[in-house]
Amino acid sequence: MGRIGLLVSDFTMSFMWVWSGVLIKMYVYNNLGFGHEPTGEIIKSTLSIVNMFFFALLGKITNGGTYNPLTVFAGAITGDFTRFLFTVAARIPAQVIGSIAGVKLIIQLFPEIGLGPRLNVDIHRGALTEGLLTFAIVTISLGLARNIPGSFFMKTWISSVSKLTLHILGSDLTGGCMNPASVMGWAYARGAHVTKEHILVYWLAPIEATLLAIWTFRVLVPQLKEEKVDKKAKSE
């Protein structure tokens, strides 16, 4: 798929992603009538995992389309400068615009839905939370790409369960987002997209955590491979 196709895919998937989260909540809480009770949370979690499988499949069909800037940013860091420039100047803005458009339509059609994730702790703890969550999921993604290169189902299953777990851990503090574009959509709707809290917690902290995760993975993984070679040589 060409670059224009990737931009269209990023925009569309980002638009769909913010809608999918809202529709799942509306279906569980409004249509099925469950509150925040265990049964409702289990159904919502199951649907969330199915939803992530669906978007993983879309990413495969579109040959790289995605809704999360951190995903393409991690890939751009390991690529050449042209790829990095295209990612930062075109793909990430397309994802942000798609999220903003999706949220604006949601609020127009369902004004009672609320205004998305909010920071419920101080700015420093919020940045640390989003940073740690992002570091964890990027490290897991890098490990899956390296150790399970061909298994779409297994990689998607581990990745989806990991994302859901990390989201739950951070949901009461920052929303457990790990997706700057999605948060930007909701923050733009509130007029809070240029605040220090939003930029530091939901953009700078995840980007720095992504860079740290990539650097740490590059440093540690070769060492692990060398240790295995040394052990094999000693056993022989």
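The following legends describe close-up views of a predicted model.

Local features require pLDDT of at least 70 and side-chain atom pairs pLDDT 80 or more, while totals for chains, interfaces and linings use all residues. Residues are numbered from 1 along each chain as its sequence is written, and side-chain values use heavy atoms, with hydrogens and water left out.

**View 1. The salt bridge between R91 and D10.** A salt bridge is a side-chain nitrogen of Lys or Arg within 4 Å of a carboxyl oxygen of Asp or Glu; a search of the whole structure finds 3. In the pair shown, the closest N and O atoms of R91 and D10 are 2.6 Å apart. The pair links distant parts of the chain, with R91 in helix 4 (residues 81–109) and D10 in helix 1 (residues 3–31), 81 residues apart. Helices (H or I, at least four residues) are DSSP runs numbered from the N terminus, as are strands (E, at least two). R91 is buried at 9% relative accessibility, and D10 is buried at 0%. Buried denotes under 20% relative accessible area, exposed over 50%, and partly exposed in between (1.4 Å probe, protein chains only).

**View 2. The salt bridge between K44 and E41.** The closest N and O atoms of this pair lie 3.6 Å apart. Both residues belong to helix 2 (residues 38–61), where they are 3 residues apart, about one turn of the helix. An α-helix has 3.6 residues a turn, so residues three or four places apart point the same way. K44 is buried, with a relative accessible area of 18%, whereas E41 is partly exposed at 26%.

**View 3. The N-terminal end of helix 5 and residue D122.** D122 caps this end through a side-chain oxygen 3.0 Å from the backbone nitrogen of H124. R125 is exposed, with a relative accessible area of 52%, and D122 is partly exposed at 34%.

**View 4. Helix 3 and its cap, N68.** Of the 9 residues of helix 3 (residues 69–77), 7 are buried, so the helix is largely enclosed by the rest of the structure. Among the buried residues are P69, L70 and F73. A side-chain oxygen of N68 lies 3.0 Å from the backbone nitrogen of L70, capping the N-terminal end of helix 3.

Conventions: A polar contact is a pair of N or O atoms within 3.5 Å; within protein, one must be able to donate a hydrogen and the other to accept it, and residues adjacent in sequence count only if both atoms are side-chain atoms.
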